[in-house]
Amino acid sequence: MGVESASLWPPDFAAPPPKGSRHFAFAPLFNRLFSQLTRRNAAAPPAESAQARFAQEAAIRAWLAADLFPPYAPEQLAADPLRLSVAGLIAAGAKLEVLEPWLAELDARGAVLDQMLRADALLAAGAAARGEPLLAQLALTEDNIGARAAALLARRLLDRGDYAAARPLAERAARLAPDCAGMQAVLGHLRSFDGHEQEAQAHFRRALALRPDHALTVGQLAAHLARHDFGEGLALWALADEINHAYPQAHLCPVWDGRPLGGERLVILCSYGLGDMVQFLRFAGLLRRREPAARLSILVALPLEGLVRATGWFEAVHTSAVDCSGFDWQVTQMRLPLALGVTGPCPADLAPYLRLDAQQVADAAAWLPPRAPGVKRVGLRWSGQPAVYSARRDIPFDSLRPLFDIPGIDWVALVEQPAALEGLGAHPLLEVCQHLTGLDATGALMHQLDLVISVDTAVVHLAGALGRPVWVLPRLDEEFRWGVSGTATPWYGSVRVFRHPPQQFNWHAVVGDVAQALRAWVAEPDPRDTLLRSWLSEEIAPGYAWDELLTRPERLEAARRLAEGAAPESIEPLLDQLEAQGAQGADRMLRADVLLRQGDLDRALPMLEALAEGADASAARAAMLLGEVRYDHGVFAAAIALAERALQLAPGSFGCLLLLGNVRNFQGRFTEALPLFRRALVLRPQSLLAIGQLSVALMGRGAMREGLQIYAAADDLLGAYPRADVCPVWRGEALGDKRLLVIGAYGYGDVMMFLRFVAQLREREPRVRLSMDVQPHLARLVRETGWFETIYEGAADRGAADYQVSTMRLPLVLGTNEGDLLRHDPCLRVADADVEAAATWLPPRRAGVKRVGLRWFGRPMHFDAKRSIPFAALAPLFAVPGLEWVALVEEAKLLEGMGAHPLQDVSAHLVDFYATGALMGQLDLVISVDTSTVHLAGSLGRPTWLIARPDYEWRWGGSGAAAPWYGSVRVFRHPPQGFDWDALVAQMERELRAWAAA
């Protein structure tokens, strides 16, 4: 932000000069001279068009308007053909070889002005070795040219960190030209570096007073002030927006000022650098949470497109231009926090706020080769975009070579172009440039790394926004994003800052600190191996021995990737290598695991059957997994036989005990299931899976309170009370007017199901001051109950409280009896006005036609194999006449690939559960598999048909059409003989025809 990264559009040169400014005093004369003299004296061929001449004039105007140092006298340029031509070439960015003949002519003339113009041309063409000595000579003159030369040379020395040489030049230039805005800014940087903050601020404010219409000057002061007062910095950046004409289509839609949006359309316009865009995306997330119904779009740089789309916050993502006539409001990224009333970072800003598609992250594993045991991966970025802070933030690559001597590290170059690696000599960096096609791809790669080390570039912001560990080597001048001291930054929780020593520019010292920290970090346990060991210990069946995995790097890497949830395609090449050298039992087991993850049962099952015939750990695991498959497909006799065989091969197998218990549970044989789950819990007392299964069996047997007591024990394992040392867990004490924080635990459906007990709590403790920490998608729904003073949307925002309690523990603390546990009263509501507004999401209702909402799947990898129904199996329901079908899905892409279907897509409106509840008010019936949709409809008292899971689920009871927890929910169950979607749908079709005709 700040300065060089801004898109600086110079103001109109013909505009009246600001009061007290001498820089633009010659603007009218300058324009007049150009209109008269350039056409007479231009050195261009006669055939040159008037349009080309005008373009040259505009370029020269822009060059001089953007210059913050003492200007050339306009009449001296406009009246001299040679000077005019050189000025035009500088403004056009001509290369050195094009400039050389003109520079020779200037040199031959020898005038001081010609030599200054020659120096400017050399610097603009990148010939600093020739231009800087010329500046040093010119800086000795006692006039405006001397001031300009001294100032430019001081700025270049400052950029390189040579503060000692820059100081006398800056002081000399300030004496010669005290009203030079650029020189005041240079002095501000010098005083800031020296630690004299008040003097620095005075110089920056003086620069702003001299050039209040110059975005660069405004941005410099903003960047300085934001280190201590983010709000004032934001106000100045918003001013820079105006100077830069950031709203060129302001006549088409107004600038948003923070007023409620409702369902209105807002476009966010992002400029500045990539890092700025990533950093300020957090405020778009805050806007989405505050305005869930708003229709948001955004204009960002192309490299951010995939990253921004992955947030799911926007209807549209634009990367080149946007027509503001299609929106109700527009706002720039820098004004957005001001409109939201944000004046500085808060603790919540430390939390990651961006995410990537899980498949994209998994696919990135294939970009890197297997790594040896004990080796960690570090991504490295040593430079940013050319000419953007380059001298102040880029570190010479050779300065980093001490890091490469540290053993136990694989280095990965975080650069997008192979050219960035040219000319570096021998180095250990792994090149993956061809894959880094956008910041989303770079982020996916970061998930395959253990650490990122970077200078101050967008790479740091990306890692911080994703919550990836990153060490930043900041610029030699302090940057507001990284704070002013210490190793932490107020913006990202995963960023560690390594600073230059006070009042020194010393990359050697910075790299020394990094090397010391890196050696200590390498000595820590490899997080990937820690994850793998955890996976091996938590797996429900044995099958891989740690020592066996270490015997082959490919085997170890394949197991690591399996534990990390990597894409199967990234594991298969490793298995091919193992197979080529003679696959062993563990290798074949890994292959079967990969095939299962791919859903390729045709290949996986024969392999598992063959492995299950053996007598080793792999055989036990194969029998266990094969039993799971048989259980998932309702072949219970085979599942029992396989689980028993696995127990014989691996006595006391945790997974086999769970499998046997699950089958008994499904059969309703809870008395037999209970001892199996209790044995499993003895084996792994900390297992959430065993706790959950035992509690389900207890509640299935009717021991509801005992089951909930077991279930609530998982609160501690899940870390539901991270601040129990500060705020005690509520055990039922009288509350009076104390503050109680209710923590929404587990899934969306669990929270909605147990909110009924907050109503009982409110009846028992009418004076208690309640607040709730709940998932953002539930916040508006919970707020509508009116039970809470405050709703928090994440642990980082939790306020002070006297007690805390999870929703799952509430009925136990309240001493709720068995009868009250199953109360049918609706406990949630949606405002009538919002239900009426939802009518506009649907076409007008036809006479005699009923509306049915449908949800046929749950969250991926969350019991989906047992609860989601194949969409094709529902086809008989769509043949029932007199019905309109509405898809209860939140993203349009979830309807892709389904072929022709009758479902209406209203996903754009379903931004949270409150919106879905409003839509339900327009439906006559909801049909859903076992998801949070059922809990929402039941809690609102809406008529609902539940397509039950084939296995026993304690919330819905074991038999009958009634749902114990919700009076408006009717349960459709699989037949007693087993898992049969077709039979269940056939029953629903008959019932649906009768209902539609009623």
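1. How many helices and strands does the protein have? In this predicted model, the protein has 46 helices and 21 strands.

2. Of the 998 residues of the protein, 56% count as buried, and the accessible surface comes to about 40,000 Å², of which carbon and sulfur atoms hold 54%.

3. One part to look at is an open sheet of four strands with parallel pairing, arranged in the order β3-β2-β1-β4. Because β3 (316–318) and β4 (329–332) stand at the edges and have a single partner strand each, one side of each is left without a neighbour in the sheet. On average, and with direction ignored, neighbouring strands here are turned by 20 degrees against each other.

4. Within that sheet, β2 (residues 295–299) runs parallel to β3 and is joined to it by three bridges, and Ser-297 has Ala-316 in β3 as its bridge partner.

5. Is strand β5 (residues 376–381) largely enclosed or left open? Six of its six residues are buried, so β5 is largely enclosed by the rest of the structure. Lys-376, Val-378 and Leu-380 point one way from the strand, while Arg-377, Gly-379 and Arg-381 point the other way, and all are buried.

6. β5 pairs in the parallel sense with β6 (residues 409–413) over five bridges, and four bridges join β5 to β8 (residues 451–455), again running parallel. Leu-380 has a bridge partner in each of these strands, namely Ala-413 in β6 and Ile-453 in β8.

Conventions: Residues numbered from 1 in each chain as written. Predicted model: local features only at pLDDT ≥ 70, side-chain atom pairs only at ≥ 80, totals over all residues. Heavy atoms only, no water. Helix = DSSP H or I, 4+ residues; strand = E, 2+ residues; numbered from the N terminus. Buried < 20%, exposed > 50% of the residue type's maximum accessible area, 1.4 Å probe, protein only. Areas by Shrake-Rupley, 256 points an atom, 1.4 Å probe, with all protein chains shown as cover. Pairing = 2+ DSSP bridges. Axes fitted to C-alpha atoms, helices over the stretch in contact; angles between N-to-C directions.
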